[in-house]
Amino acid sequence: MTGDQPGAPHTRPGLVRSLLDRFGHLIRELSKFATVGGVAFLVDFALFNYLTLVRRVEPVTARVVSTVIAATVAFVGNRFWTWRHRVRSNPAREYALFFFFNAVGLGIAVACLAGSRYGLGSIWPGVFRTPLADNIASYVVGTALGTLFRFWSYRRFVFVDAGTPAAPEVTGDPSPGS
């Protein structure tokens with residue numbers, strides 16, 4: 001028995017192959033997006049901690065500064081690597097939309113940090129007004145939520161696909177017997 005007989009059950013590789021054929025491009029984009037985001041995250045994290053711990057900058061201000069610099073790194077990586085296969089529409093438009101959606105993502109992270117530091121921190125300052133709590137609120141919770149929003153918005157609005165060609169216009173009388 002070789003398993004090549006008619007009626008033998010189909011194996012999973014056919015299903016896996018069809019899923020990869022269908023969603024492989026999305027997996028590749030997501031992997032590149034994650035790599036670029038990882039580099040930008042390291043820039044953001046290192047700069048935030050340098051500003052707050054060494055330079056003694058207020059945490060929310062430090063988060064804004066570190067995010068703006070990291071966003072520039074992310075824009076270059078995403079434009080020229082993650083979505084390089086997509087049509088470049090208008091660089092100024094892409095840049096403006098990228099930073100707009102990044103600002104919304106920053107707002108999500110800052111809201112998580114401020115909610116932890118000033119909301120929960122007013123109740124338990126010994127727990128929620130510490131560098132560890134700031135990092136968890138901003139970089140674990142805030143970054144996770146902001147990243148989901150950024151991937152969706154960049155893919156949908158910033159680095160847009162060329163799309164499908166428009167359908168030809170129908171002319172004439174569509175009634176039967178014409």
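Biologist: Which label does tyrosine 95 get: buried, partly exposed or exposed?

Modeller: In this predicted model, tyrosine 95 has 41% relative accessibility and so counts as partly exposed. The label buried needs a value under 20%.

Biologist: How many aromatic pairs does a search of the whole structure find?

Modeller: The search finds 22. One of them joins phenylalanine 41 and tyrosine 139, edge-to-face, with 5.5 Å from centre to centre and 85° between the planes. Phenylalanine 41 is in helix H1 and tyrosine 139 in helix H5, so this pair ties together parts 98 residues apart in sequence. Phenylalanine 41 is partly exposed at 28%, while tyrosine 139 is buried at 5%. Phenylalanine 75 and tyrosine 95 also pair edge-to-face, with 5.0 Å between centres and planes at 90°. Here phenylalanine 75 belongs to helix H2 and tyrosine 95 to helix H3, so parts 20 residues apart in sequence are tied together. Phenylalanine 75, at 10% relative accessibility, is buried.

Biologist: Which residues do ring pairs link into a cluster?

Modeller: The cluster holds Phe33, Phe75, Trp83, Tyr95, Phe98, Phe99, Phe151, Tyr154 and Phe159. Apart from ring pairs, look for charges over rings. Arginine 63 lies over the face of tyrosine 139, 4.4 Å from the ring centre.

Biologist: How many salt bridges are there?

Modeller: The count is 4. Among them, arginine 155 and glutamate 29 meet through their side chains at 2.6 Å, N to O. That pair links distant parts of the chain, with arginine 155 in helix H5 and glutamate 29 in helix H1, 126 residues apart. Arginine 155 is partly exposed at 24%, but glutamate 29 is buried at 3%.

Biologist: Which residue forms a salt bridge with arginine 79?

Modeller: Glutamate 94 does, with the closest N and O atoms 2.5 Å apart. Arginine 79 is in helix H2 and glutamate 94 in helix H3, 15 residues apart. Both are buried. Another salt bridge joins the side chains of arginine 117 and aspartate 134 at 3.0 Å, N to O. Arginine 117 lies in helix H3 and aspartate 134 in helix H5, so the pair ties together parts 17 residues apart in sequence. Arginine 117 and aspartate 134 are both buried.

Biologist: Where is the kink in H3 centred?

Modeller: Begin with the span. H3 has 33 residues and reaches 46 Å from first C-alpha to last, close to the expected 48 Å. The kink, of about 30°, is centred on glycine 115. At the start of H3, a side-chain oxygen of asparagine 90 comes within 3.1 Å of the backbone nitrogen of alanine 92.

Terms used:
Residues are numbered from 1 along each chain as its sequence is written. This is a predicted model: local features need pLDDT of at least 70, side-chain atom pairs count only at pLDDT 80 or more; totals for chains, interfaces and linings use all residues. Side-chain values use heavy atoms; hydrogens and water are left out. Helices (H or I, at least four residues) and strands (E, at least two) are DSSP runs, numbered from the N terminus. Buried means under 20% relative accessible area, exposed over 50%, partly exposed in between (1.4 Å probe, protein chains only). The expected span of a helix is 1.5 Å times one less than its number of residues. The bend at a residue is the angle between axes fitted to the seven residues ending there and the seven starting there. A polar contact is a pair of N or O atoms within 3.5 Å; within protein, one must be able to donate a hydrogen and the other to accept it, and residues adjacent in sequence count only if both atoms are side-chain atoms. Rings of Phe, Tyr and Trp (its six-membered ring) pair if their centres lie within 6.5 Å; planes under 30 degrees apart count as stacked, over 60 as edge-to-face and the rest as tilted. A charge sits over a ring if NZ of Lys or CZ of Arg is within 6 Å of the ring centre and within 35 degrees of the ring normal.
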